[in-house]
Amino acid sequence: MSAVIFLGGCNLRCPHCHNSGLAWYPERYPPIEPADLGKFFAARGPWLDGIVVTGGEPTLAEDLPELVTALLAFGPPVKVDTNGMRPEMVEAVLSRAPGTRFSVDVKAPFEKYPLVTGNAVTEGEAREGMGRIFELAMGHPGLFMFRTTRVPELCDEDVRVIREEILPSGFSLTVQAYVPPTARREEKGHAHSDKKTRRLPGNLVHGTHRPGHLEGAQGQRHPGSAFGQAVGA
């Protein structure tokens, strides 16, 4: 049994996205306050087998390492879903929270990445980003899982290439069946995100000036829960 946290915004424009509204129009959704998340996991943590951070694309959140660290304090293991295009953030999470697990989408053979990502990623960018992810996976073999969704643009040969020629030795590939999205109208737009990093503006984790932060004056007087200490409440 797992709890899933969805983060808005994405750096891809995959034409078959099932979370296109959250990925491209996250401002339409009401935010969840850190204090409410803290209460939720403080009450349910002992009964959970895991916590999943997904999206959108979670690695666009610059304070993802702090969020994952705070979630791990509740006990269950944490898994992050990612498209692998920000390997530096995956490395940052591993550095801050070494036990974090990752499910990485291998979208297609590298030459097809422009087709399946709405021209958001070039073949060269895919090779570089996934290459760094594979290096991290080989250094932490128990923490990485890889999957491919069999979208209409892919054929059996593409899946074979991903499994036999792209993935590092020792790793298996989970192939997910393609299910057409039920809501298509939101896929015509684009995410409103920072042009340089394609991430949402602002932070997930409150700064020390916010009430209740562990390193702030109020947090030193009233530390609160582990989540409140790490995220702010």
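Buried means under 20% relative accessible area, exposed over 50%, and partly exposed in between, with a 1.4 Å probe and protein chains only. Helices (H or I, at least four residues) and strands (E, at least two) are DSSP runs, numbered from the N terminus.

## Basis of the model

This is a predicted model, in which local features need pLDDT of at least 70, side-chain atom pairs count only at pLDDT 80 or more, and totals for chains, interfaces and linings use all residues. Residues are numbered from 1 along each chain as its sequence is written, and side-chain values use heavy atoms, with hydrogens and water left out.

Strand β2 (residues 50–54) runs parallel to β3 and is joined to it by 3 bridges. V53 has V80 of β3 as its bridge partner, and V52 stands opposite K79.

## The sheet

Strands of a sheet pair through backbone hydrogen bonds, either parallel or antiparallel. Here, 6 strands form an open sheet in the order β1-β2-β3-β4-β5-β6, with parallel pairing; two strands pair if DSSP finds at least two bridges between them. β1 (2–6) and β6 (173–176) stand at the edges with a single partner strand each, so one side of each has no neighbour in the sheet. From one strand to the next, the twist averages 25°.

Helix α7 (residues 156–166) packs on the sheet and touches β5 (144–149) and β6; contact means heavy atoms within 4.5 Å. The direction of α7 makes about 160° with that of β6. Axes are lines fitted to C-alpha atoms, for helices over the stretch in contact, and angles run from 0 to 180 degrees between N-to-C directions.

## Helices α4 and α6

Helix α4 (residues 87–96) packs against helix α6 (residues 123–139) at an angle of about 20°, with the axes 9 Å apart. The two are therefore roughly parallel, a term for angles under 35 degrees.

On the α4 side the contact involves P87, E88, V90, E91 and L94, which meet G129, R132, I133 and L136 in α6.

## T117

T117 lies in the loop between α5 (113–116) and α6, and is buried with a relative accessible area of 0%. Leaving aside residues up to four places away in sequence, T117 touches L12, R13, C14 and K107. A polar atom of the T117 side chain lies 3.3 Å from the backbone nitrogen of V121.

How values were computed: Angles under 35 degrees count as roughly parallel, over 145 as roughly antiparallel, 65 to 115 as roughly perpendicular and the rest as oblique. A polar contact is a pair of N or O atoms within 3.5 Å; within protein, one must be able to donate a hydrogen and the other to accept it, and residues adjacent in sequence count only if both atoms are side-chain atoms.
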